[in-house]
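Please examine the sequence and the structure shown below.

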Amino acid sequence: MSIFTGAGVAIVTPFNSDETINYNKLDELLDYHCTHGTDAIIICGTTGESATMTEEEHMQCVKFAIDRVKGRIPVIAGTGSNCTRTAIDMSKEAADYGADGLLLVTPYYNKATQAGLIGHYTAVAKEAKAPIIMYSVASRTGCNIEPATVAELVKNVDNIVAVKEASGNISQVAKIMALTDGNIDLYSGNDDQIVPMLSLGAKGVISVLSNVAPQETHDICEKFFNGDVKGSAALQLKALPLIEQLFCEVNPIPVKKAMQLMGVECGPLRMPLTEISKEHEQALAKAMKDFGIQLA
């Protein structure tokens, strides 16, 4: 059984003015997504600014989300690290808290060979007793999971069950599905490629767009699953200008600004991320209005 199907939100982390985590606002956001079509919560991923959190903050945030969602929809914890031991420890802790799945980005900065990736993911999976989604996003980590590596891990490690593919390389995605005979849960890591990925057998998307348009992102998937491919594609194409603006600067700079424009105050970004430029803010606001999102 898949951890989830449809649109999972890569949820932002709201901060107070002093940059501490705003748990009251996070509670509101979690409840909002549970009641507005979102199919899963992905907590402490890239969009959640996990790279700027201490390990203590990170795990407190994961536990808070699991406790507050209370099983209404799956909660997947981002527990990846460039240090295998750290990834193991965080993954074990998240699994103990009751995470429905773990999202493990490839090791960044020190990177890894393909043999190193096999060793890394196998070591985490051996100790963390929860389903694992591997996360391939070489544009941020400098480390790609090759299709043959995905296939070997899925074949040989029982609780490695899925991959979030954000390479942008559809040919690579197709090869993953071919080498695994489709025996893997594939999730799009790019909001502009949901329908192409679904056509190759994806179960859904782990989405930034869902932060501001959860129902519409869900509907892109739902329509496709229900056989309305034309309707699904139409929604995907309608969303493209907004998606482009949500990535006009480094994620999550634009999406946090988008939420502010909607009247959802999520606080500042943690350095080294900085506020969006005025030019990009104006283009983002226009794209949101064109998509039908009401601004505050």
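**A helix pair, an enclosed helix and a pocket**

Helix 6 and helix 7 cross in a right-handed sense (the near helix is turned clockwise from the far one by less than a right angle). The contact (heavy atoms within 4.5 Å) involves P147, A148, V150 and A151 of helix 6 and Q172, K175, I176 and L179 of helix 7. By class, these residues comprise six nonpolar, one polar and one charged. The model is predicted, with local features requiring pLDDT of at least 70 and side-chain atom pairs pLDDT 80 or more, whereas totals for chains, interfaces and linings use all residues. Residues are numbered from 1 along each chain as its sequence is written, and side-chain values use heavy atoms, without hydrogens and water.

Helix 11 (residues 253–261) is largely enclosed by the rest of the structure, because eight of its nine residues are buried (under 20% relative accessible area, 1.4 Å probe, protein chains only). The buried residues of helix 11 pack against helix 1, helix 10 and helix 12. Just after helix 11, G263 adopts a positive phi of about 90°.

The largest pocket has a volume of about 1000 Å³. A pocket here is an open set of points on a 1 Å grid over the protein atoms alone, where a 1.4 Å probe fits, with protein on both sides within 12 Å along at least five of seven lines; lining residues have an atom within 4 Å of a point. Of the 42 lining residues, G45, T46, T47, Y135 and R140 are the closest to the centre of the largest pocket. Helix 5 gives the most to this lining, with three residues.

Key:
Points joined across faces, edges and corners; volume = space filled by probe spheres on them. Helix = DSSP H or I, 4+ residues; strand = E, 2+ residues; numbered from the N terminus. Buried < 20%, exposed > 50% of the residue type's maximum accessible area, 1.4 Å probe, protein only. Nonpolar A, V, L, I, M, F, W, Y, C, P; charged D, E, K, R; others polar.
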